[in-house]
Amino acid sequence: MSRSLFRTTLVTALALIGASLSSAAFADSGTIRINVLKGGWFIGASGGSGTLTFRGRTYPLSIGGLSAGLVFGASQTYLSGRVSRINSPGDVAGVYGAGGAGAAVGRGVSAIVLTNEKGALLELSGRQTGLMVNADLSGLAISLR
């Protein structure tokens, strides 16, 4: 009887470990492009749109966000890159947080790495145009349209 209980416990434990590892092991990646307009005076807001290409299909995205701290000016940022650690397009949706400082006058280059609460990892780079000075905490929300 104790062998049977031990075997059942062992099989259950291995199944639970396998289930917890399978989502990370089978996670996939895709590409993402976003266009974000940002403006503010101490409190900033951003909004925009983009696309996610995942497993051969393209999904439209909506972008929105707020920032608080030292924010002055307006800018437009075009970013593209890779999204990884996702199992479905819905895993990209969520809130991405960042803290940072920067300045853009005219044209500049941007690069950023962000994660959301679902574990999706965005590795983005691109260009920023406009006049923007910031030292703030920012939140960026991405949703599927």
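Confidence, then. The average pLDDT for the protein is 78. A score of at least 70 is reached by 67% of the residues. Which elements mark the two ends of the range in mean pLDDT? Helix α1, residues 2-25, has the lowest mean, 54. Strand β1 has the highest, 90. Where pLDDT is low, the predicted coordinates should not be read in detail.

Now the layout. There is one helix, and there are four strands. Along the sequence the order is α-β-β-β-β. The chain has 145 residues, and 29% of them count as buried. Take the contacts with a separation of 6 or more: 71% of them join residues 24 or more positions apart.

Next, the core. The largest nonpolar core has 19 residues. Val-92, Tyr-96 and Leu-122 have the most contacts inside it. Which elements give two or more residues to this core? They are β1 (28-54), β2, β3 and β4 (121-144). Strand β2 supplies the largest share, six residues.

Out to the surface. A nonpolar patch is formed there by Trp-41, Phe-42, Ile-43, Phe-72 and Leu-131. Together these residues have about 560 Å² of accessible area. Strand β1 gives the largest share of the patch, three residues. Phe-72 comes from strand β2. Its relative accessible area is 35%, so Phe-72 is classed as partly exposed.

On to charge. Side chains of opposite charge can pair when their charged atoms come close. How many salt bridges does a search of the whole structure find? Two.

Here is one of them. Arg-55 and Asp-28 meet through their side chains, at 3.1 Å from N to O. Arg-55 sits in the loop between β1 and β2, and Asp-28 sits in strand β1. They are 27 residues apart, and the pair links distant parts of the chain. Buried or exposed? Arg-55 has 54% relative accessibility, so Arg-55 counts as exposed. Asp-28 is partly exposed, because its relative accessible area is 29%.

Then Glu-123 and Arg-82. Their side chains form a salt bridge at 3.7 Å, N to O. Glu-123 belongs to strand β4 and Arg-82 to strand β2. Again the pair links distant parts of the chain, 41 residues apart. Glu-123 counts as partly exposed, at 34% relative accessibility. Arg-82 is also partly exposed, with a relative accessible area of 42%.

Stay with strand β2 and look at Ser-84. Why does Ser-84 count as buried? Its relative accessibility is 7%, and buried means under 20%, so Ser-84 qualifies. What does Ser-84 touch, leaving out residues up to four places away in sequence? The list is Asp-28, Ser-29, Gly-119, Ala-120, Leu-121 and Glu-123. Asp-28 is the salt-bridge partner of Arg-55, and Glu-123 is the partner of Arg-82.

Start with Ser-88, in the loop between β2 (57-86) and β3 (94-115). Ser-88 is partly exposed, with 29% relative accessible area. Compare sequence and space here. Ser-88 and Phe-54 are 34 residues apart in sequence, yet their C-alpha atoms are 8.0 Å apart.

Now Asn-116, in the loop between β3 and β4. Asn-116 counts as buried because its relative accessibility is 8%. Which residues does Asn-116 contact, leaving aside neighbours within four places in sequence? Asp-91, Val-92, Ala-93, Gly-94, Val-95 and Tyr-96.

To sum up. Four strands contribute to the core, β2 with the largest share. The patch draws its largest share from β1. The salt bridges are Arg-55 with Asp-28 and Glu-123 with Arg-82. Helix α1 has the lowest mean pLDDT among the elements. That's the tour.

Methods. Residues are numbered from 1 along each chain as its sequence is written. This is a predicted model: local features need pLDDT of at least 70, side-chain atom pairs count only at pLDDT 80 or more; totals for chains, interfaces and linings use all residues. Side-chain values use heavy atoms; hydrogens and water are left out. Buried means under 20% relative accessible area, exposed over 50%, partly exposed in between (1.4 Å probe, protein chains only). A nonpolar core is a set of buried Ala, Val, Leu, Ile, Met, Phe, Trp, Tyr and Cys residues joined through side-chain atoms within 4.5 Å. Patches are made of residues with over 30% relative accessible area and no salt bridge: like charges are joined within 9 Å, nonpolar side chains (Val, Leu, Ile, Met, Phe, Trp, Tyr) within 5 Å. Accessible areas come from the Shrake-Rupley method with a 1.4 Å probe; for residues, only the protein chains shown count as cover. A salt bridge is a side-chain nitrogen of Lys or Arg within 4 Å of a carboxyl oxygen of Asp or Glu. Contact means heavy atoms within 4.5 Å. pLDDT is the predictor's confidence in each residue, from 0 to 100.
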